[in-house]
Amino acid sequence: MTYLAPRQGLFAIILLVSFCLQTLLLVISTDQQLSNSRALKGEQMVAQLIDEARLSLENKDRVSLSVIANRYTSEQDVTRILIKDNNDDILVPVGNAPMQQGDTIRQIATNGDAVIGSVALTLKDVSKGEIIAMQWPFVIGTMLLHLLLWLIYGYLARPTKEQINALSRDIQELYRDQYRPVDQRGYDRELERQSAPNLADSQVATDNTANATDDEVTNARKFNVHNEVNEYLRTQQNQETGSDTDNLAGAGEGSESEIADTGGVASQAASHTSKLSATRSVDSVKVQVVFHDEFNMLERLAPAQRLPYLALCTQLLNQAVTELLRQPLLLGVSAMNEAHFEDNGASVVLKADNSHAKVALAGVMLAKLYLMLNKIIHDKHIELSRFALPAKAGVSDDAQSEPMTHLLQSIGKKEQLLILLPNAGLKQISNHVQVHNIMRPTTVYERECAIFDGANDSLIQRLADVRNAVLMIEDEDELHI
């Protein structure tokens, strides 16, 4: 198969522009040369006409002047001759095309020191078409030269077989790279692939220390772990959480006994599967609050301003925890740590002291409460021309705290609340909070993650009351950064 030269059409356009520019320059230069030569010729003709018509002009002999002027109008370049007396009265107007435009050369006729009249001679303009007609050999030759250059380029610049084969290999490699199941964010896919290299390393160690029977056992265990993950994914897609979840739990119990025999090789894969399990109980949740700092302004801020600002955020979050956990709705929920803001944000772990405590709802309420407080503080600081940053928050259980950190960094938006909880946690918040899923998820965790979309009136009123209580405490303490 014969391939065309690369960008042969673009090269043809370049050659066409070059041909037009050369033709234009030819017309301009030829017109300038003809104008100079005609002007010099016109001045000579006027001087010669005055010499011949001086006596007739002095006597105002119109007949003689007409005969003399007609002899000059027979020239191809002369279109009009106008002879006037010393009183500027027209004596002889001669010309075949008096309305034709052209350059006019005027000169006064004198006899000694006396002015006896004037002569005006008009030379016609040379049209651009006449210039091209005169220079047709050059125009045709230039066009043929450009056409020849285009044909030569099309022949010489065609890709060789080696170049075509190299391009084909590059396209195949690019296709494989684009469709290889690797997530650009590099965190969830990496977790899913952690079991593969570990199992490969374990296979090498087993080859050195065991026989072929041990290899087959190890391969069977790997197969069981991957089957467990695949089974979970199928149950989530088909939304058959009841029976399929029991099968997953049974497969998890069978694989745990096998994993104990491999010395921890497949433990990471099983741990990953447990993170995806939708049947975990929710005994504690982790609330993560991070700054939405797109331009890394916080790290460029001087310590004299950054540290007071972080202290203000820390005190706001701790006061929010204290005031929120006083609500009767969250009875039995307590905080396991005291929050402290760093450059990368802060986190609070809430635990349930009894089976009736709504710890998942408490985590969502705390995250939303701090976003409401930070919104007010941010707007007030911006109004006063002070430094402040918007925030975003995420709520998850302990098993999925690390994926939530990555989600906040990769897809989290300003003032947004992300929720990554198993079914038990989602059930706690379902009667109070509305959520929506992420559009076009690219990883398992993005598919499981939900985004806070609103709450009922009673919950919003509770949050507003707690927010006002926290702000009143802050006003009384006179916190400033």
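Reader: Which hand does the crossing of α1 and α4 have?

Author: The idea first: a crossing is left-handed if the near helix is turned anticlockwise from the far one by less than a right angle, and right-handed if clockwise. Here, α1 and α4 cross in a right-handed way. Do keep in mind that this is a predicted model, where local features need pLDDT of at least 70, side-chain atom pairs count only at pLDDT 80 or more, and totals for chains, interfaces and linings use all residues. Residues are numbered from 1 along each chain as its sequence is written, and side-chain values use heavy atoms, with hydrogens and water left out.

Reader: At what angle do α1 and α4 pack, and how far apart are their axes?

Author: Two packed helices are described by the angle between their axes and the distance between the axes. The axes are lines fitted to C-alpha atoms, for helices over the stretch in contact, and angles run from 0 to 180 degrees between N-to-C directions. Helices themselves are DSSP runs (H or I, at least four residues), as are strands (E, at least two), numbered from the N terminus. For α1 and α4 (residues 136–156), the angle is about 160 degrees and the axes are 10 Å apart. That makes α1 roughly antiparallel to α4. The cut-offs: under 35 degrees is roughly parallel, over 145 roughly antiparallel, 65 to 115 roughly perpendicular, and the rest oblique.

Reader: Which residues of α1 and α4 make the contact?

Author: Contact means heavy atoms within 4.5 Å. From α1 come Gln-8, Phe-11, Ala-12, Leu-15, Ser-18, Phe-19, Gln-22 and Leu-26, and from α4 Phe-138, Val-139, Thr-142, Met-143, His-146, Leu-149, Trp-150, Tyr-153 and Gly-154. They divide into 11 nonpolar, six polar and no charged residues. In this sorting Ala, Val, Leu, Ile, Met, Phe, Trp, Tyr, Cys and Pro are nonpolar, Asp, Glu, Lys and Arg are charged, and the others, Gly among them, are polar.

Reader: And at what angle do α1 and α2 pack?

Author: α1 (residues 8–59) and α2 (residues 62–73) pack at about 165 degrees, axes 9 Å apart. That makes α1 roughly antiparallel to α2, and their crossing is right-handed. Among the residues that meet are Met-45 and Leu-49 in α1, with Leu-65 and Tyr-72 in α2. By class, this contact has seven nonpolar, three polar and two charged residues.

Reader: Which residues touch the most other members of the largest nonpolar core?

Author: In soluble globular proteins, nonpolar side chains tend to be buried together. A nonpolar core is a set of buried Ala, Val, Leu, Ile, Met, Phe, Trp, Tyr and Cys residues joined through side-chain atoms within 4.5 Å. In the largest one, with 57 residues, Phe-341, Leu-366 and Leu-417 touch the most other members. The largest share of this core, 14 residues, is supplied by α13. Apart from it lies another core of 22 residues, including Met-45, Tyr-72, Ile-116 and Leu-123.

Reader: How do α12 and α13 pack, and at what angle?

Author: Their angle is about 140 degrees, with the axes of α12 and α13 10 Å apart. That makes α12 oblique to α13; the crossing is right-handed. Among the residues in contact are Leu-317 and Val-321 of α12, and Leu-366 and Tyr-370 of α13. The classes come to 15 nonpolar, two polar and no charged residues.

Reader: Is Leu-317 buried or exposed?

Author: Leu-317, in helix α12, is buried at 1% relative accessibility. Not counting residues up to four places away in sequence, Leu-317 touches Ala-339, Phe-341, Ala-346, Val-348, Leu-366 and Tyr-370. The C-alpha atoms of Leu-317 and Val-348 are separated by 8.9 Å, although these residues are 31 apart along the chain.

How values were computed:
Buried means under 20% relative accessible area, exposed over 50%, partly exposed in between (1.4 Å probe, protein chains only).
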